[in-house]
Amino acid sequence: DPDPIRIRTRGVRSLMLRSVSRSVARIAPSSGTYRTLALKSGQWVRNKDDLHTETKLVHAGVDPDPITGAILTPVYQSTTYVQESVDEYLAKGYSYSRTNNPTVTVLENKIAELEGGYGAACFSTGMAATIAVITSTMQAGDHCVITNCSYGGTNRACRTLFTDMGMEFDFIDFTELANIEAHLKPNTKLIFSESPANPTLTLTDLSAVSALAKSRGLLHACDSTFATPILQRPVDHGVDLVIQSTTKYYDGHNMTVGGAVVAASPELHERVKHMQNVHGNIMSPQNAFYTLQTAKTLALRVRQQCENAQAIAEFLERHPKVDVVRYPGLASFPQKELADRQHMNGLHGGMLWFEVKGGTAAGRALMDSIQRPWSLCENLGALESICTCPAVMTHANMLAEDRLKVGITDGFVRLSVGIEHKEDLIASLKASLDALPDELADEEAPRAAAA
């Protein structure tokens, strides 16, 4: 055998492998002689940066195992890693799995490449990722301008945990740039957007907000969970930190919980990784392995979900018992121009919401009667179609008056559209809508204006 050679791979400083003699492809012509081709098995047909998104979803960050040739990244279910000497501590890149784990590193590299960032850090939950963004960018006395419509857990963390630590937050409407600028203060450090917003689907002009942030020396963080990199890549719009709840579309199978923070620069990436280590909330290697597999079909799933959501939104808009429906793909969507400009590939996501005539009582009656293939539960982005009551489930921790201000009434129906056949999904919605009485008195809280 040839002598061992030292090779370098991203995430591992060095690894001793036995070299494999260069294999050549030979073709046997009729003359019996052989000629050598320049092509070699295992090499990429083109530069990896030039590969299409669908190919990157399968292969980005992943190489066959150098020892066995296994096509899937192994689950490194190990707490610690043996060092060859004190002087060579961390020579292979790993010491303790709270700080870094080889399986998690591969997923982090994949997500960073898909999102167009410098680096990514994967966390145990989406909320852990959000907490890392705040703690990486703010301290006591600092101020953040944040959207008034976001995931309920984000609102709660900022309103309770971080305010108790001496940070300030202004929860405002992000649909107008001038409104954001008007709320900036001398101690502002962060602008925190969510686009599309959960659950109202309001959009933020990411390029405009990023330009504003840079002009003031501020950071712009965006939760892009609803969009995924199939619809938008916030880093391309100047965003500094991107949050993904991998629980949602990256997983897409209701199997795991997890989160990721994608940083646009090395300095921000180091700050986030530091907080990941300090908080001890790195993603587990088993969940990283699952997400590496489910991410491969992200584009296929999202396209089908978008097609289904468009058909369902159009159906709901025509139904006489539906009062309002919002989906960025509808011509009636208030921010349709921004949706078409900011979202890629003519896709607008698998999320939509609506309210039925009769208000809260009618909305809850519909949710209580929804039949399969819809499931009444939390979560979103999965293969299975999900119907959610945000006021009771995902956004119950918001103050009731704050929910109403952004249009989240007690009868607000949020739909996460899966990949089932659209006709089956529509048939179930039609059955529940048709079964509602013509008039249902709303004895609950007053309806808010539609967002």
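Helices (H or I, at least four residues) and strands (E, at least two) are taken as DSSP runs, numbered from the N terminus. On this basis, Asp-434 is found in helix α14, residues 422-435. The model is predicted: local features need pLDDT of at least 70, side-chain atom pairs count only at pLDDT 80 or more, and totals for chains, interfaces and linings use all residues. Residues are numbered from 1 along each chain as its sequence is written, and side-chain values use heavy atoms, with hydrogens and water left out.

The secondary structure of the protein chain comes to 14 helices and 16 strands. Burial is defined by relative accessible area: buried is under 20%, exposed is over 50%, and partly exposed lies in between (1.4 Å probe, protein chains only). Of the 451 residues in the protein chain, 51% are buried. Contact means heavy atoms within 4.5 Å. Among contacts in the protein chain with a separation of 6 or more, 71% come from residues 24 or more positions apart.

Asp-434 is partly exposed, with a relative accessible area of 38%. Neighbours within four places in sequence aside, Asp-434 is in contact with His-319 and Lys-321. The C-alpha atoms of Asp-434 and Leu-366 are separated by 9.6 Å. These two residues are 68 residues apart along the chain.

Leu-366 is one of the buried residues of helix α12 (residues 359-369). An α-helix has 3.6 residues a turn, so residues three or four places apart point the same way. The cover over the buried residues of α12 includes α14. It also includes the strands β13 (351-356), β14 (375-376), β15 (386-388) and β16 (413-416).

The crossing of α3 past α8 is right-handed. A crossing is right-handed if the near helix is turned clockwise from the far one by less than a right angle, and left-handed if anticlockwise. From α3, the contact is made by Ile-131, Ala-132, Thr-135, Ser-136 and Thr-137. From α8, Arg-271, Val-272, Met-275 and His-279 take part. The residues of this contact divide into 4 nonpolar, 4 polar and 1 charged. Here Ala, Val, Leu, Ile, Met, Phe, Trp, Tyr, Cys and Pro count as nonpolar, Asp, Glu, Lys and Arg as charged, and the others, Gly among them, as polar.

Side chains of opposite charge can pair when their charged atoms come close. A salt bridge is a side-chain nitrogen of Lys or Arg within 4 Å of a carboxyl oxygen of Asp or Glu. The whole structure holds 16 salt bridges. One of them joins Arg-303 and Glu-54, with the closest N and O atoms 2.4 Å apart. Arg-303 sits in helix α10 (residues 298-318) and Glu-54 in helix α1 (residues 53-59), so this pair links distant parts of the chain, 249 residues apart. Arg-303 is partly exposed at 34%, and Glu-54 is partly exposed at 34%.

Lys-189 and Asp-142 also meet in a salt bridge, at 3.7 Å from N to O. Lys-189 lies in strand β8 (residues 188-194) and Asp-142 in the loop between α3 (126-137) and β6 (143-147), so the pair ties together parts that are 47 residues apart in sequence. Lys-189 is partly exposed at 36%, whereas Asp-142 is buried at 8%. Asp-205 and Arg-341 form another salt bridge, the closest N and O atoms being 3.5 Å apart. Asp-205 is in the loop between β8 and α6 (206-215), and Arg-341 is in helix α11 (residues 336-342). This pair links distant parts of the chain, 136 residues apart. Asp-205 is partly exposed at 23%, and Arg-341 is partly exposed at 47%. Glu-168, Asp-170 and Lys-185 are linked in a network of salt bridges.

Thr-225 is found in the loop between β9 (219-223) and α7 (228-231). Thr-225 counts as buried, at 6% relative accessibility. A polar contact is a pair of N or O atoms within 3.5 Å; within protein, one must be able to donate a hydrogen and the other to accept it, and residues adjacent in sequence count only if both atoms are side-chain atoms. The side chains of Thr-225 and Asp-223 are joined by a polar contact of 2.7 Å. A polar atom of the Thr-225 side chain also lies 2.9 Å from the backbone nitrogen of Ser-245. Beyond neighbours within four places in sequence, Thr-225 is in contact with Ile-243, Gln-244, Ser-245, Lys-248 and Tyr-249.
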